[in-house]
Amino acid sequence: QVQLVESGGGLVQAGGSLRLSCAASGSIFVINAMGWYRQAPGKQRDLVAAITGGGSTNYADSVKGRFTLSRDNAKNTVYLQMNSLKPEDTAVYYCNINIMTQPPGIGMDYWGKGTLVTVSS
């Protein structure tokens, strides 16, 4: 069994910064891709940023240059540094990690419960 624990959400003024963390624990053999999605009220859940097992990153156009995604493989943790936050960044942010729990096989996607980020104008 795998658990994801997110932290770092909260209320911040426009132009401010927050850092989200998501740590995976449990029955983990290999962690593949890691990333963050977000869902604003009344909208679908969209990719914010993702990082492959090899360290390649992909960002949504709306956050490029402002958000930085990183991972610490020793801690099974992914981080999202969010700078220059805007009111339109307000959403629930969900951690997503692809994990292989035992070989052989393919990884499965696991989701965190979500952490709320509110950016005031």
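Predicted model: local features only at pLDDT ≥ 70, side-chain atom pairs only at ≥ 80, totals over all residues.
Q: What do the radius of gyration and the spans along the principal axes say of the protein?

A: A compact globule with 121 residues would have a radius of gyration near 14 Å, and the protein agrees with this, having 14 Å. The C-alpha trace spans about 50 × 25 × 25 Å along the principal axes. Buried residues account for 38% of the 121 residues.

Q: Which order do the strands take in the open sheet of 4 strands?

A: The order is E1-E3-E8-E7, and the pairing is antiparallel. Strand E1 (2-7) and strand E7 (67-72) are the edge strands, each pairing on one side only. From one strand to the next, the twist averages 15°.

Q: Where does strand E3 pair with strand E8?

A: Strand E3 covers residues 18-26 and strand E8 covers residues 77-82; the two run antiparallel, with 6 bridges between them. Arg19 has Gln81 of E8 as its bridge partner, and Ala23 is partnered by Thr77.

Q: Which residues of E1 form the covered face, and which the uncovered one?

A: In a regular strand, side chains alternate between the two faces of the sheet. In E1, Val2, Leu4 and Glu6 form the covered face, whereas Gln3, Val5 and Ser7 form the uncovered one.

Q: Which cysteines form a disulfide?

A: A disulfide is a covalent bond between the sulfur atoms of two cysteines. A search of the whole structure finds 1 disulfide. Cys22 and Cys95 form this bond, with their sulfur atoms 2.1 Å apart. Cys22 belongs to strand E3 and Cys95 to strand E9 (residues 91-100), so the pair ties together parts 73 residues apart in sequence.

Q: Is the disulfide left-handed or right-handed, and are Cys22 and Cys95 buried or exposed?

A: The torsion about the S-S bond of Cys22 and Cys95 is about -80°, so the disulfide is left-handed. Both Cys22 and Cys95 are buried.

Q: Which residues have the most contacts inside the largest nonpolar core?

A: The largest nonpolar core has 30 residues, and those with the most contacts inside it are Leu4, Trp36, Leu80, Met82, Tyr93 and Ile97. At least two residues of this core come from each of E1, E3, strand E4 (30-39), strand E5 (46-51), E7, E8, E9 and strand E11 (115-120). E9 gives the most to the core, with 5 residues.

Q: Which residues is Met82 in contact with, leaving aside its neighbours within four places in sequence?

A: With those neighbours left aside, Met82 is in contact with Gly16, Ser17, Leu18, Leu20, Arg66, Phe67, Tyr93 and Val117.

Q: Among contacts between residues at least 6 apart in sequence, what percentage join residues at least 24 apart?

A: In the protein, 56% of these contacts join residues at least 24 apart.

Conventions. Residues numbered from 1 in each chain as written. Heavy atoms only, no water. Pairing = 2+ DSSP bridges. Axes fitted to C-alpha atoms, helices over the stretch in contact; angles between N-to-C directions. Disulfide = S-S within 2.5 Å. Buried < 20%, exposed > 50% of the residue type's maximum accessible area, 1.4 Å probe, protein only. Core = buried A, V, L, I, M, F, W, Y, C linked by side-chain atoms within 4.5 Å. Contact = heavy atoms within 4.5 Å. Rg over C-alpha atoms; globule rule 2.2 N^0.38 Å.
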